[in-house]
Amino acid sequence: MSQLPRGILEAHDFNLALTLECGQVFGWHKYDDFYFGIIGDLAVELEQQASRIRFSGESGLEASDVRHYLGLDDDLGAILASVAVDPFMERVLTSVKGLRLLKQEPWHCLCSYLLSSSNRVERIDKTVKEIARRWGRRHGIDGHDVYSLPEPADLAACGESGMRSCGAGFRAPYLVQAAQMVADGALDFDLVRSLPYEEAKSILMTVKGVGDKIADCVLLFAFSRYEAFPVDVWIKKAIEQVYFGSKKVNNKEIRRFAREHFGPYAGYAQEYIYHYIRTYGPEVAA
DNA sequence: TCTCAGGCACTAT
DNA sequence: ATAGTGCCTGAG
């Protein structure tokens, strides 16, 4: 019986709690100061101690997997410097520290965001966990149970009723259809990964239930396409207030503005702005 | 009881 | 192109 993988990662400019709880990812469990979740298809337990991350995981987990998932390989300083293009962003970057974009597993990310439409963060999280608990695979880590989402073919087999019973509501058929597409190859994540942003996005949008916003979320959070700038009602309000004098602007124009104004890491700017307004309220944008 | 939430698809203009 | 409306669900 070999010792399970464990180790310590140096993690500067990193806030684990903020990164896991800012709303970019769903399905992590918190007990005391420990976080339990899935990286790749392996259960892991994480804890931050100052600028170090302690991890332990199921057999097969490597330190480099954890580093990569948490975004610790990214040069956060350079990224944030590139989006510090105006006084508002400087204010945002002064108040939000150590938030990094994760490298989520595409299927997990797609499921999560299919559930996000007209839904609250807490309930998305609850539904993701319920689907995993009821239909997914159980993993054990340090005496805790963690569940990964069912593979696409397995989720498809659960059917619409199986998803509704977990609280998916009107999004249930979207999940089932997406699962079928991934299972039979009609949606190929490797292809999405290989294509330029616009083409990758239009492929994701062939899935029912995936529009501009959700496609951008998946591209940003699972494929590290930092030019993606998801526009939800909060971001829309903030951008209108700060950059358009509270004038109404359509989402397409907001995305175009963001790409030009923030540059290739616009998506990082989005996540920082999002957290800022969710913390301090949308009115502080002005 | 009723409204509404981190959208989307469908339909009618 | 663009606007209006229904959709599960449960917390306030």
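**Exercise 1.** Determine what share of the contacts in chain A with a separation of 6 or more comes from residues 24 or more positions apart.

*Solution.* A contact requires heavy atoms within 4.5 Å. Among such pairs in chain A with a separation of 6 or more, 66% join residues 24 or more positions apart.

This is a predicted model, in which local features need pLDDT of at least 70 and side-chain atom pairs count only at pLDDT 80 or more, whereas totals for chains, interfaces and linings use all residues. Residues are numbered from 1 along each chain as its sequence is written, chains are lettered from A and ligands numbered from 1 in the order in which they are written, and side-chain values use heavy atoms, with hydrogens and water left out.

**Exercise 2.** Compare the radius of gyration of chain A with that of a compact globule.

*Solution.* The radius is taken over C-alpha atoms, and the globule rule is 2.2 Å times the number of residues to the power 0.38. For 286 residues the rule gives a value near 19 Å. Chain A has 19 Å, which agrees. Along the principal axes, the C-alpha atoms fill a box of roughly 60 × 45 × 35 Å.

**Exercise 3.** Describe the surroundings of Ala168.

*Solution.* First, Ala168 is buried because its relative accessibility is 0%; buried means under 20% relative accessible area, with a 1.4 Å probe and protein chains only. Next, leaving aside residues up to four places away in sequence, Ala168 touches Leu115, Thr127, Met163 and Leu175. Finally, Ala168 and Ile141 are 27 residues apart in sequence, and their C-alpha atoms are 27 Å apart in space. For chain A as a whole, 52% of the 286 residues count as buried.

Terms used
Buried < 20%, exposed > 50% of the residue type's maximum accessible area, 1.4 Å probe, protein only.
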